[in-house]
Amino acid sequence: MSDQPIPPNGANGSANPATGPVVLNLQFTKDLSFEVPGAPEIYLSMRDAPRIDIALDVQARRLQEGQETYEISLQIRCDAKTAEDKTAFIAELVYCGIFTLNGVPQEMLEPVLLVECPRLLFPFARNILADVTRDGGFPPVLLAPIDFVQLWQSRRGQGSAMPVANA
């Protein structure tokens, strides 16, 4: 153990601890829905793993005018269909984070909000989706890593939620 005293007000001795350009203040599940419209029959009739279509979208909004605090929403929808094209389940998740941006240049604001922030939220949303589908009686949906740069670039041309994967 070190005999060096620990500064009382942060690692650098200042009144405020050092912060980076992107600070994740809080993360939370804003909305979660899991439906099995054909239960219990779907469990008895399904022979193979369902085909899963994934749609993902990212939204950002400033929480208060004049401040650099934003809510980032990662919206994921999974539609699972059987080989007979019956709905096995529908899972929808809106997972959010409250971020503070410190000194981010205006030209970098959009890529930070729509690429870097959702990249930090994604592992947690992925885990929630896997848990809810497994707990719903199906194999867990394990999302592959998402290329948020590509999603952001393609979204700039479309402006809506877009399918990102089929399983």
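Predicted model: local features only at pLDDT ≥ 70, side-chain atom pairs only at ≥ 80, totals over all residues.
How many cavities of 30 Å³ or more does the count come to? The count comes to one, where a cavity is a set of points, on a 1 Å grid over the protein atoms alone, at which a 1.4 Å probe fits but cannot get out.

Residues are numbered from 1 along each chain as its sequence is written, and side-chain values use heavy atoms, with hydrogens and water left out.

Start with the overall layout. The protein chain has three helices and five strands, in the order β-α-β-β-β-α-α-β along the sequence. Helices (H or I, at least four residues) and strands (E, at least two) are DSSP runs, numbered from the N terminus. Of the chain's 167 residues, 35% count as buried, meaning under 20% relative accessible area with a 1.4 Å probe, protein chains only.

Next, look at helix α2, residues 109-135. At 1.5 Å a residue, its 27 residues should span 39 Å, and the end C-alpha atoms are 38 Å apart, which agrees; the expected span is 1.5 Å times one less than the number of residues. The helix also bends by about 40° at R119, with the proline P123 following within four residues. That bend is the angle between axes fitted to the seven residues ending there and the seven starting there. After α2 comes G137, with a positive phi near 95°.

Is L114 buried or exposed? L114 counts as buried because its relative accessibility is 14%. Leaving aside neighbours within four places in sequence, L114 is in contact (heavy atoms within 4.5 Å) with V58, Q59, A60, F148, W152 and R155.

L114 belongs to the lining, together with L56, D57, V58, F148, L151, W152 and R155; lining residues have an atom within 4 Å of a point. Both β2 (51-62) and α3 (148-158) supply at least two lining residues, and α3 gives the largest share, four residues.

Finally, visit T82, in the loop between β3 (69-81) and β4 (87-101). T82 counts as buried because its relative accessibility is 5%. Not counting residues up to four places away in sequence, T82 touches I42, M46 and A88.

Technical notes: Buried < 20%, exposed > 50% of the residue type's maximum accessible area, 1.4 Å probe, protein only. 1 Å grid on protein atoms, 1.4 Å probe; cavity = no way out; pocket = protein on both sides within 12 Å on 5 of 7 lines; lining within 4 Å. Points joined across faces, edges and corners; volume = space filled by probe spheres on them.
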